[in-house]
Amino acid sequence: MQLRVISEGTMMENNEKSFTAHSNILKCRSPYFRKELENIQPNKNNIKTIKSNVSIQNLYIILKYIYGGIFNLENKQTRFIFDLMLTANEFELKKLFSLILKLLESYCNHIIAKHPDLIFDSSDFTSLPESALVSILKRDDLQTEEVKIWDYVIKWEISQNPTLPTNLEEWSKENFFTLKTTLLQLLPLILPDQPVKSNILPARSVLVTESPPHTKEPLSTIIFEEYAAEISTWIDRKTINYSTTNIPYKFELILSGTRDRFDPQTFWNICHGYAKTVVVIKVKRTGEILGGCMGTVKNSILSRVKRPEKAIWYRCKEQR
């Protein structure tokens, strides 16, 4: 049985659009559609119709994900991505909701790492979930001193235990034991997990003191500073990744497919003569990044050349 899903659009769109889908596929993929379709009678052409106030663009992405299991949020604004996450939740698409949530979390953590005062000095800081605090403290590029991080964590932890006395002079051994027990997950993220040979704890890479200018040209539309840091780590064969604040190499964009095109002749004309280059390509349908790195930074796969004489095939222009 066919299904017609109609988006009535938003106030900004001021129109509606009809999408045709298969009811069986939507019922299998989404509990929301399964429940909705149970109470809808088909018309004389055996077609069921569902009307939704979801935006046309959101509904298109949702249906594309339901059919193909892929989605592309490249060049989409943060507000749009957030609205799409809410739509995924409305349609009970748990996997899509989780993927978008992780994407937003990574984006927010990147901003917080550069400007931690935005969250640490907020009046809502103590209401931050522990999982969110852990994801922030795991970043080695968190731009604040370790002693300040400790103070913030203590402040957060005390707020999670309302039974603890507000006056530290009134604390008993049991109170300190309670604090120690609840801090177990956070302590390794502040203190080193190896014996300390000096009284000074190793500091994070705190270098950025001012907000970067908004006119700064991005490294690329595909890779960000985290990728450049990991590629640099691979180049130097380090066992511990460089942070985004101590990348030893300067990456410059020579060719951009969206700007210069990506046909062989253009690639030759622009890149010929450059040494020490990294080629990075993003797969349109899957969003995978190939070349310098693959997938996300956390799930990247490194493959080194074993036979250098067969690593690159060079064919001069005359042989084409």
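1. Helix α3 passes α4 in a right-handed crossing (right-handed if the near helix is turned clockwise from the far one by less than a right angle, left-handed if anticlockwise). Their axes come within 10 Å and cross at roughly 60°, which makes α3 oblique to α4. Oblique is what remains after under 35 degrees (roughly parallel), over 145 (roughly antiparallel) and 65 to 115 (roughly perpendicular).

2. A quick word on provenance: this is a predicted model, where local features need pLDDT of at least 70, side-chain atom pairs count only at pLDDT 80 or more, and totals for chains, interfaces and linings use all residues. Numbering runs from 1 along each chain as its sequence is written, and side-chain values use heavy atoms, leaving out hydrogens and water.

3. Next, α4 (residues 78-90) and α5 (residues 94-114): the axes come within 8 Å and cross at roughly 150°, so the two helices are roughly antiparallel. This crossing is left-handed.

4. The whole structure has four salt bridges (a side-chain nitrogen of Lys or Arg within 4 Å of a carboxyl oxygen of Asp or Glu). One of them joins Lys-35 and Glu-92, with the closest N and O atoms 2.8 Å apart. Lys-35 sits in α2 and Glu-92 in the loop between α4 and α5, so the pair ties together parts 57 residues apart in sequence.

Note on methods
Axes are lines fitted to C-alpha atoms, for helices over the stretch in contact, and angles run from 0 to 180 degrees between N-to-C directions. Helices (H or I, at least four residues) and strands (E, at least two) are DSSP runs, numbered from the N terminus.
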